[in-house]
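Biologist: Please take a close look at the helix packing in this model. Which helices cross, and what lies between them?

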Amino acid sequence: MTAPQRAQIGDHYLDSGPLFCLGGSQVLADLFDAHFLPRSKVVGAVVAEVAHNANLVLPPVGPHRKRGVKQAARVVQGRYKQLIAAAEVVPTPEPVLLGAMKTELQTRALATLPPGTSLHPLKNDGEAESVFWAKSTTAEVIANDADAHFLAAKHGVTSSSFVEVARHLVKAQKTVKHKAIYRELAALSSRDIFPGEHLYSELDLV
């Protein structure tokens with residue numbers, strides 16, 4: 001059994017991964033909006049990543065590992081228009097600390113890049129900007145990327161995965177049971193939308 005790591009989720013910045021989880025599950029999105037949306041913010045690079053995935057050109061039929069993400073990104077654009085419109089914009093010139101964060105994450109990503117592949121131009125910018133703004137405003141980061149958690153810890157910023165959010169949703173309400181929330185997370189994983197942790201049963205949420 002895994003209880004939430006802390007008493008509550010405070011003001012926070014959402015990375016693209018958790019947003020795709022919300023876009024991929026109306027049940028989880030409804031619960032999240034009721035309990036945590038008023039404390040949510042996003043950054044410009046995350047908005048750009050959502051737009052990029054919403055506009056992916058995929059084969060019209062047949063399975064594709066990005067199809068679930070594309071559909072979720074489009075839902076996010078429609079459901080969270082107000083959140084997106086209020087996205088934090090990077091000052092000009094770019095702060096030195098933010099530039100250093102981007103460079104560090106890019107270096108880490110390149111170190112694990114499979115041969116013959118290249119980094120996506122937006123890779124890690126959302127994580128870096130989220131951690132930068134969270135550090136600047138004493139907020140938290142909700143992300144599903146291991147590098148984001150590494151960077152957050154290095155800079156003294158609290159971070160959580162979307163699964164941790166789900167654990168809080170289990171405790172915050174009684175209408176949707178933990179088994180149903182587990183099924184929603186499992187359905188996300190089956191569509192290649194990673195919720196931030198590998199779950200093996202509904203007991204991982206309580």
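Modeller: A crossing is left-handed if the near helix is turned anticlockwise from the far one by less than a right angle, and right-handed if clockwise. Helices are DSSP runs (H or I, at least four residues), numbered from the N terminus. The model is predicted: local features need pLDDT of at least 70, side-chain atom pairs need 80 or more, and totals for chains, interfaces and linings use all residues. Numbering starts from 1 along each chain as its sequence is written, and side-chain values use heavy atoms, without hydrogens or water.

Start with α6 (residues 96-111) and α7 (residues 125-137). Their axes (lines fitted to C-alpha atoms over the stretch in contact) lie 9 Å apart, at an angle of about 140° (0 to 180 degrees, between N-to-C directions). α6 passes α7 in a right-handed crossing. In contact (heavy atoms within 4.5 Å) are Leu 97, Leu 98, Met 101, Lys 102 and Leu 105 of α6 with α7 residues including Val 131, Phe 132 and Lys 135. Seven of the contact residues are nonpolar (Ala, Val, Leu, Ile, Met, Phe, Trp, Tyr, Cys, Pro), none polar (the others, Gly among them) and five charged (Asp, Glu, Lys, Arg).

Now α3 and α4. Their axes come within 7 Å and cross at roughly 125°. This pair, too, is therefore oblique. Here the crossing is left-handed. Val 50, Ala 51, Asn 53 and Ala 54 of α3 meet α4 residues, among them Val 69, Ala 73 and Val 76. The contact holds six nonpolar, two polar and two charged residues.

Technical notes. Helix = DSSP H or I, 4+ residues; strand = E, 2+ residues; numbered from the N terminus. Parallel < 35°, antiparallel > 145°, perpendicular 65-115°, else oblique.
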